[in-house]
Amino acid sequence: MIDLRSDTVTLPSAAMRAAMHDAPLGDDVYGEDPTVNRLQQVVAERCGFEAALFVPTGTQSNLIALMTHCQRGDEYIAGQDAHTYRYEGGGAAVLGSIQPQPLSNQPDGSIALADIEAAIKPDDIHFARTRLIALENTIGGKVLPPGYVTEVARLVTKYGLALHLDGARVFNAAVKLGLTPQQVCAEFDSVSVCLSKGLGTPAGSVLCGDQSFIERAKRWRKMLGGGMRQAGVLAAAGLYALEHNVERLADDHQHAAQLAAGLGAIEQLQVEPVQTNIVYVHVPQAHTAALEAHLTAHGVVAQIRPRTRLVTHLDVSAAQIGDALAAFQEFFARA
């Protein structure tokens, strides 16, 4: 099967499984798992932070960050399409008593600077206290320009706020920009890095920040049930991925461009510009159900909607992109 639903569907390779099997282990809640400690050190160094914390999921990593930056009754500003606001079950509000202030994302994934500044609340008892701005990079496959991030950081400094990055696909952003992860993360007070998307691990995210921030974050991790024991089994997969699966993200980007070009040649489809490994294609409503069934019958797994998301990853080759395109072409030749 050619699974284009998400880059979370990847399976660990034999070499990654071997690294997991051979990992030195200890009790991470006691801070004694050497593989977890090594992963935290490596990710912190790569992203330019003092410390890091290994957690089970990206959703938990972002929630820990929000709860560490904000108190009850505080507010964070995020994009309307941001994962922290839209796709994480309202955890910040439900579990952290933190008010989200969603703002419209621009077509390039950014939030207009004027909109951010207008949303920052004055020091008044009638309002929640604005404490944090949360950005996402990549967002919908789009890369935030470094200059834009610098301008947001200036606002953060001006108003005495903190700046968090949901960097679930920050390595995709770095590869696309030709920058190091440290350069991409340089303006942020905290960054959440997901290992189970394009990097291909079975689970795990890493939250980065300064030493004081991470010490406070550990308490929230414990409270949220994220403390694991011999977690080096999972951390070893992350170390393997960082060594072997970062540079090859460029292949995923190329495959996405290949897919977008082929779909764009089909008259009935409209394809949005592609930057990294995510392709958005507009499909006529009347064809969605039949197209999904046709693709499934031809070994292509995709969730077909009027605005369909297709994601390339390390388990999809250039040849398989060609096979997927052939299935699309065959369907629309008959439609």
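The following dialogue explains how to read several features of this predicted model.

Me: Is Thr276 buried or exposed?

Reply: Thr276 is buried, because its relative accessibility is 0%. This residue belongs to the loop between β9 (270–271) and β10 (278–282). Its side chain reaches the backbone oxygen of Gly141 at 2.7 Å. Beyond its neighbours within four places in sequence, Thr276 is in contact with residues including Thr138, Val143, Asn172, Asp252 and His253.

Me: How should I read a residue whose partners come from another stretch of the chain? Which residues are in contact with Ile266, leaving aside neighbours within four places in sequence?

Reply: One reads the sequence positions of the partners alongside the contact itself. Ile266 is in contact with Phe328, Gln329 and Phe332. Ile266 itself lies in the loop between α12 (249–264) and β9, and with a relative accessible area of 7% it is buried. A related pair is Ile266 and Ala333, which are 67 residues apart along the chain, with their C-alpha atoms separated by 8.7 Å.

Me: Let us proceed to salt bridges. How many salt bridges does the count come to?

Reply: A salt bridge is assigned when a side-chain nitrogen of Lys or Arg is within 4 Å of a carboxyl oxygen of Asp or Glu. By this rule there are 15 salt bridges. One of them joins Asp7 and Arg169, whose closest N and O atoms are 2.8 Å apart.

Me: Why does the pair of Asp7 and Arg169 tie together parts of the chain?

Reply: Asp7 is in the loop between β1 (2–3) and α1 (14–21), and Arg169 is in the loop between β6 (162–167) and α8 (170–177), so the bridge ties together parts that are 162 residues apart in sequence. Both ends can also be read for burial. Asp7 counts as buried at 0% relative accessibility, and Arg169 is buried with a relative accessible area of 9%.

Me: Which residue meets Asp27 in a salt bridge?

Reply: The partner is Arg229, at 3.2 Å from N to O. This pair links distant parts of the chain, with Asp27 in the loop between α1 and α2 (34–47) and Arg229 in the loop between α10 and α11, 202 residues apart. Asp27 counts as buried at 15% relative accessibility, whereas Arg229 is partly exposed, with a relative accessible area of 37%.

Me: What separates Lys218 and Glu215 within helix α10?

Reply: Lys218 and Glu215 are 3 residues apart in helix α10, which means that about one helical turn separates them. They form a salt bridge, the closest N and O atoms being 3.3 Å apart. Lys218 counts as partly exposed at 38% relative accessibility, as does Glu215 at 41%.

Me: Which residues are linked in a network of salt bridges?

Reply: Asp74, Arg129 and Arg131 are linked in such a network.

Me: Finally, what describes two packed helices?

Reply: The description consists of the angle between the axes and the distance between the axes. In the case of α1 and α11, the axes come within 8 Å and cross at roughly 135 degrees. These two helices are therefore oblique to each other, and α1 passes α11 in a right-handed crossing. Ala15, Met16, Ala19 and Met20 of α1 make the contact with α11 residues including Val233, Leu234 and Tyr240.

Me: What is the angle at which α12 and α14 pack?

Reply: The angle is about 20 degrees, and the axes are 10 Å apart, helix α14 covering residues 318–334. Helices α12 and α14 are therefore roughly parallel to each other, and their crossing is right-handed. The contact involves His255, Gln258, Leu259, Gly262 and Leu263 of α12, and residues of α14 that include Ile321, Leu325, Phe328 and Gln329.

Technical notes: Residues are numbered from 1 along each chain as its sequence is written. This is a predicted model: local features need pLDDT of at least 70, side-chain atom pairs count only at pLDDT 80 or more; totals for chains, interfaces and linings use all residues. Side-chain values use heavy atoms; hydrogens and water are left out. Helices (H or I, at least four residues) and strands (E, at least two) are DSSP runs, numbered from the N terminus. Buried means under 20% relative accessible area, exposed over 50%, partly exposed in between (1.4 Å probe, protein chains only). A polar contact is a pair of N or O atoms within 3.5 Å; within protein, one must be able to donate a hydrogen and the other to accept it, and residues adjacent in sequence count only if both atoms are side-chain atoms. Contact means heavy atoms within 4.5 Å. Axes are lines fitted to C-alpha atoms, for helices over the stretch in contact, and angles run from 0 to 180 degrees between N-to-C directions. Angles under 35 degrees count as roughly parallel, over 145 as roughly antiparallel, 65 to 115 as roughly perpendicular and the rest as oblique. A crossing is left-handed if the near helix is turned anticlockwise from the far one by less than a right angle, and right-handed if clockwise.
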